[in-house]
Amino acid sequence: MYPNIPLGSQSFSSFSLCAMIGVLVFILSVIFKLRKDTRFSEELFYIIPKLVIALGLGFLGTIFFDSLFKIPQNGGMKLAGMMFYGGVVTGIAALIPMLVFFRKNTRYTAKQWLDMITVPFILMHAIGRIGCFMAGCCYGMETTGPFGILFPDVPKAGIYHHGHKVLPTQLFESAGLFVLALVLHFVKHRKFAIYSVAYPIFRFCLEFLRGDNRGDYLGYLSPSQLISIIILVAVAVWFTIWIVKRNSEFRIIKD
């Protein structure tokens, strides 16, 4: 709705502003969670550099994966957009090895760290989606219903609504993420595991309301729906392996 925010004689991208606020909230939330630890400074020094590296690689991943999935419609690799899932996959793929291989320098396990940063990460994502709303990207399908909003055309990005109202799917997702963050705030264990199931399901359903062109795969699935399915299958496989392993250990103890 407001792609650029006036700042003196210059203007500043509203999406970039929300993204920076989101990152700041993410970092401050992690610091807040660690404040009661007796090794506060040591743990902070341990995790912050790793989070910065993961965020940086994740940012590159959003651009790379967006370009990768849009090769058919762009006729090649064009760095012109961002894909959230690309950032998540790249960031997590970078963070987990760092947490596993350098675990001697912290009192927390990789699983505990992932649980600790889950809610802060969701808050960052929720704020980022508000930035999408401000920028006018990631919009929903045309509607004449009460939730429709008239978005301005963005010729530079090739976005034209021709005077039609669309669903503010950015705000729908942001609201859902804030609710998920609130729920997980009161959950003590397996926050990351719950998020890994809840968000892909939520995103898969929300994609049916999207109206922007993101490409189709397997006939009718969007890239995000395809990735959501892959993540859910991966979680199901991991859970199955965990159950089998746990049952095996139980039988050994029982015998």
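Two strands count as paired when DSSP finds at least two bridges between them. Keep that in mind as you tour this predicted model.

**The whole chain**

Start with everything shown. The protein chain holds 8 helices and 2 strands, and from the N terminus on its elements run β-β-α-α-α-α-α-α-α-α. The radius of gyration is 20 Å, close to the 18 Å that the globule rule gives for 255 residues, so the chain is as compact as a globular protein of that length.

**The hairpin**

Now select residues 4-7, which are strand 1, and residues 10-13, which are strand 2; the two pair in the antiparallel sense over 4 bridges. Click on Asn4 and look across to strand 2, where Ser13 is its bridge partner. Next, move to the 2 residues between the strands of this hairpin, and find Gly8, which takes a positive phi near 70°.

**A pair of helices**

Then select helix 4 (residues 84-101) together with helix 5 (residues 110-135). How far apart are their axes? The axes lie 12 Å apart, and the helices pack at an angle of about 155°. Angles over 145 degrees count as roughly antiparallel, and helix 4 and helix 5 are therefore roughly antiparallel to each other. The crossing of helix 4 past helix 5 is right-handed.

To see where they touch, show side chains. From helix 4, pick Phe84, Val88, Ile92, Leu95, Ile96, Leu99 and Val100; they meet Ala110, Trp113, Leu114, Ile117, Phe121, His125 and Arg129 of helix 5. Coloured by type, the residues of this contact divide into 12 nonpolar, 1 polar and 1 charged.

Notes. Residues numbered from 1 in each chain as written. Predicted model: local features only at pLDDT ≥ 70, side-chain atom pairs only at ≥ 80, totals over all residues. Heavy atoms only, no water. Axes fitted to C-alpha atoms, helices over the stretch in contact; angles between N-to-C directions. Parallel < 35°, antiparallel > 145°, perpendicular 65-115°, else oblique. Left-handed = near helix turned anticlockwise from the far one by under 90°. Contact = heavy atoms within 4.5 Å. Nonpolar A, V, L, I, M, F, W, Y, C, P; charged D, E, K, R; others polar. Rg over C-alpha atoms; globule rule 2.2 N^0.38 Å.
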